[in-house]
Amino acid sequence: VQLVESGGGLVQPGGSLRLSCAASGSIISMYVMGWYRQGPGKQRDLVARIGTGGTTYYVDSVKGRFTISRDNAKNTVYLQMNSLKLEDTAVYYCNRGGPPYPWGQGTQVTVSS
């Protein structure tokens with residue numbers, strides 16, 4: 001399985017981005033899928049996840065600002081990020097919950113004025 005993240009970029013505080021994660025296999029519908037991020041000098045942490053039934057979970061720091069969704073037909077997971085803050089700057093990755101697949105290259109999100 002290959003995971004390819006895209007959609008990152010440079011945005012001002014308060015701006016929005018929509019990240020996409022395309023999977024090479026039909027895994028999106030089979031597993032809990034999550035978005036993770038790794039800021040400069042930090043470990044990679046979970047940001048949000050979506051269950052097979054659509055149940056979502058968000059860490060407190062992004063609640064109300066980020067929305068995770070999934071399109072099983074397209075084998076793609078999305079992360080809509082609104083009201084971005086400086087501290088959201090990181091490389092964003094997607095992977096399944098539980099034992100991860102090989103990590104993709106991630107997509108860089110930089111929030112800066």
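Guide: Cys94 has a relative accessible area of 0%, so this residue counts as buried. The model is a predicted one. Cys94 is joined to Cys21 by a disulfide, with 1.7 Å from S to S, and the structure holds one disulfide. Cys21 is also buried, because its relative accessibility is 0%. The bond ties together distant parts of the chain: Cys21 lies in strand β3 and Cys94 in strand β9, 73 residues apart.

From Cys21 the view moves to its strand. Opposite Cys21 in β3 stands Glu5. The strands β1 and β3 run antiparallel and are joined by four bridges. Both belong to an open sheet of four strands, in the order β1-β3-β8-β7, with antiparallel pairing. At the edges are β1 (3–6) and β7, each of which pairs on one side only. From one strand to the next, the twist averages 15 degrees.

In soluble globular proteins, nonpolar side chains tend to be buried together. Here the largest nonpolar core has 28 residues, and those with the most contacts inside it include Trp35, Phe66, Met81 and Tyr92. Several strands supply at least two residues each, among them β3 (17–23), β7 (66–71), β8 (76–81) and β9 (90–96). The largest share, four residues, comes from β3.

Leaving aside neighbours within four places in sequence, Met81 is in contact with Gly15, Ser16, Leu17, Leu19, Arg65, Phe66, Tyr92 and Val109.

Technical notes:
Residues are numbered from 1 along each chain as its sequence is written. This is a predicted model: local features need pLDDT of at least 70, side-chain atom pairs count only at pLDDT 80 or more; totals for chains, interfaces and linings use all residues. Side-chain values use heavy atoms; hydrogens and water are left out. A nonpolar core is a set of buried Ala, Val, Leu, Ile, Met, Phe, Trp, Tyr and Cys residues joined through side-chain atoms within 4.5 Å. Buried means under 20% relative accessible area, exposed over 50%, partly exposed in between (1.4 Å probe, protein chains only). Contact means heavy atoms within 4.5 Å. Two strands pair if DSSP finds at least two bridges between them. Axes are lines fitted to C-alpha atoms, for helices over the stretch in contact, and angles run from 0 to 180 degrees between N-to-C directions. A disulfide is a pair of cysteine sulfur atoms within 2.5 Å.
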